[in-house]
Amino acid sequence: MLTVQGLSRRFGGLMALRRVDLEVKRGEIFALIGPNGSGKTTLFNVVTGVLRPTEGRVWFNGQEITGAPTHRVVRLGIGRTFQTIRLFTRLTVFDNVRVALRGAGSPRAARARVEELLAFTRLDDRAHELAGNLNFGEQRRLELARALATDPALLLLDEPAAGMTYGEVQELIHDLRQLRDRGRTIFLIEHVMDLVMGVADRVAVLNFGEKLAEGTPAEIQRHPRVLEAYLGERPSDARSA
Amino acid sequence: MEYVVAVLSIIGIHALLGLSVYLVAITGQLSFGQQGFYAIGAYLAGMATALWNWSLGPALALGTVAAGVVGFLVGFPALRVRGLYLGIATLGFGEIVRLGFLNLKYTKTIGGRLVGPNGAEGFRHVTYVYERGITQGQYLLVILLALALVIVLISLLERSRLGVQFRAVEEDEIAAAVAGVHVTAVKVLAFTLGGMVAGLGGALFVHYSTYIDHEMVALPLAVSAVTYAMLGGLGSCWGTVLGAAVLISLTEGLRVAKEFRLIVYGALIILVMTLRPRGLVDERVVLWLGGWMRRRRWRLDAP
C-alpha cells in the first residue's frame with residue numbers, strides 16, 4: 001500500500017534518513033521504532049509532503065507521491081497525527097474535526113459524521129469546548145479524530161501513546177485494533193513497547209537514519225542488532241573488539 | 001442630525017475597510033496594505049461615474065471586482081512572507097498604489113470643470129450622488145445596506161467549513177495541510193475577498209466625499225484599519241464592526257479633550273489591548289455567546 005524506496009533526507013551535514021526501504025501492506029498495523037533522533041518523524045514528514053526527500057521515492061496505492069503537497073497526499077488517503085500535539089486550540093472540538101472532514105456530503109451528514117468520530121474517541125460531551133481547554137489525553141484523542149475525519153486508508157500515528165497512563169494505552173490498543181478491523185491500515189511510530197508488541201503485525205527498526213531490521217514483534221525482540229542499538233554492545237563483544 | 005449621519009457613514013465605510021483586514025487576518029496574515037485596495041476601488045468607481053457616465057451600482061461593482069483581482073494577484077507573493085515581514089511587504093504594496101495614483105492623470109473637461117484623477121491635485125467632482133438628488137441620509141442607507149450584505153456573507157463563511165479552514169490556517173499551517181486544507185488556496189482566497197471588501201469600501205467612500213487624493217489612502221488609514229480588526233477582536237466579524245464604531249465614536253466624542261484627544265485615544269487602545277490581547281470580541285466571547293444562545297433556544301423549545 002505504501003512503498004518507500006531508497007529514501008534519504010539530509011539536513012546540512014546530517015543524514016536523517018539513509019536509503020530507507022519500507023513496505024506497509026494493506027490491512028496491517030506496522031510499527032516503526034528506534035532510539036530518539038533515528039529519523040522516524042522525518043520519515044513521516046517526507047511521506048506526508050511536509051519535507052521533500054533528498055533522494056528516493058514514495059508510492060501510495062501504486063501512485064507516486066514523492067514531494068507531492070501535503071493536502072494532496074491527505075486527499076489521496078493518508079491521515080496523520082503529530083508527536084507533539086498540533087490542534088487548533090482556538091477552535092471548538094467539533095470544528096477541529098469538521099475542518100478535516102472529507103466526503104461526508106450534506107451538512108446534516110457531515111454533522112452526523114463528526115458526532116460519530118467524537119463518540120468513537122469518547123469526546124462527544126466535549127464537542128463545544130475550545131480544543132485548548134482539553135486535557136492531554138483528550139487532546140491526543142482529538143488529534144486521532146481529526147486524522148480519521150480525512151477518511152484515511154492509511155493512518156500515520158506519531159507516538160500516539162506518549163505520555164499516556166497504562167489505562168489509556170490499553171484503550172488505545174483497543175481503538176487501534178478496532179480501526180484495523182474496520183479496514184484502515186496503520187503505520188505508527190512508538191516508544192511504548194507494550195503498544196508495539198501488543199498490536200503491531202510487523203515492526204521495523206531505524207537507527208541513525210538506517211533501517212536495522214524488520215520482522216514480527218517476536219523476531220525484533222530477539223534481533224541482535226536491535227538489542228545492540230537499544231542496550232549497547234554485549235560485554236563479550238566489547239572485549240573482543 | 002447631519003453630523004450623526006456623517007459619522008455613521010464614515011463608520012460604515014471604515015467598517016468595510018476593517019473587515020478587509022479581518023478577512024486576511026483570520027488566515028494568519030497581517031496586512032497593512034488594505035488601503036491600497038480601498039484606493040483602487042475608490043478611483044475606479046469614481047472614474048466610472050464621473051468620467052464614463054456609469055450608474056452607481058455598476059461602478060461599485062467595478063471597484064469591488066477590480067480590487068478583488070488585484071487582491072488575488074497580491075495573494076501569491078504574500079505567501080512567501082509571514083508575520084511582521086508580511087506587514088511590511090503589504091505596506092509596500094499600499095505605498096505603490098498610493099504613489100501610482102499620485103502620478104495618475106486622466107482628466108476630461110465636463111460641463112466646464114476638469115474631472116478625473118489629476119495627480120497631486122487629487123480626484124475632484126465625483127458628484128453622482130449630489131447630481132441625482134440623493135440625500136446624505138439615503139446614501140447612508142446604501143452604505144449600511146452594503147455593510148449588512150458583507151456582514152451576512154462573512155457570517156455565512158464563518159459558519160461554513162471553509163471559514164473553519166481559514167482559522168485552522170491561522171493557527172497552524174502544517175496541521176491544516178495535514179487536515180487536508182489547501183493552505184495556498186485559502187490564503188489567496190482571503191486576499192481576494194479582502195481586496196473586494198476594501199474596494200467596495202473605497203467605492204462607497206469616493207461617492208460619499210466626492211473627492212479623493214493620495215494622502216487619504218496613506219499609512220494612517222492602514223493603521224486605523226488594522227486597529228479596528230485587532231481591537232475589535234478576531235473571534236467574529238462583528239468585532240471589527242464594533243472596533244470601527246468604538247474608535248470612530250471615540251475620535252469624535254473626544255473632541256472636547258482638544259489636543260489631548262489623540263493621547264487619550266492611544267492610551268485607551270493600549271489599555272484594551274493589554275486587558276484583552278485578542279481584542280474585545282475574541283473566540284471565548286463568541287463561544288460563550290453561542291452557548292448562551294443554544295441554552296436559550298433549548299429553554300424556549302422546552303414545554
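The following exercises, each with a worked solution, concern a predicted model.

Residues are numbered from 1 along each chain as its sequence is written, and chains are lettered from A in the order in which they are written. Because the model is predicted, local features need pLDDT of at least 70 and side-chain atom pairs count only at pLDDT 80 or more, while totals for chains, interfaces and linings use all residues.

**Exercise 1. Determine how many helices and strands chain A has, and describe its overall dimensions.**

Step 1. Chain A contains 10 helices and 10 strands; helices (H or I, at least four residues) and strands (E, at least two) are DSSP runs, numbered from the N terminus.

Step 2. The radius of gyration of chain A is 19 Å, close to the 18 Å that the globule rule gives for 241 residues, so chain A is as compact as a globular protein of that length. This radius is taken over C-alpha atoms, and the rule is 2.2 Å times the number of residues to the power 0.38.

Step 3. Along its principal axes, the C-alpha trace of chain A spans about 70 × 40 × 35 Å.

**Exercise 2. Describe the pairing of β9 and β10 in chain A.**

Step 1. Strands β9(A) (residues 202-207) and β10(A) (residues 210-215) pair in the antiparallel sense over five bridges; pairing requires that DSSP find at least two bridges between two strands.

Step 2. A204(A) stands opposite E214(A) in β10(A).

Step 3. Two residues lie between the strands of this hairpin, in which F208(A) takes a positive phi near 50°.

**Exercise 3. Identify the helix that supplies the largest share of the side of chain B that touches chain A.**

Step 1. In chain B, 19 residues are in contact with 23 residues of chain A; contact requires C-beta atoms, placed from the backbone, within 7 Å.

Step 2. Helices α7, α8 and α13 of chain B each supply at least two residues of that side.

Step 3. The largest share, six residues, comes from α7(B).

Notes. Contact = placed C-beta atoms within 7 Å.
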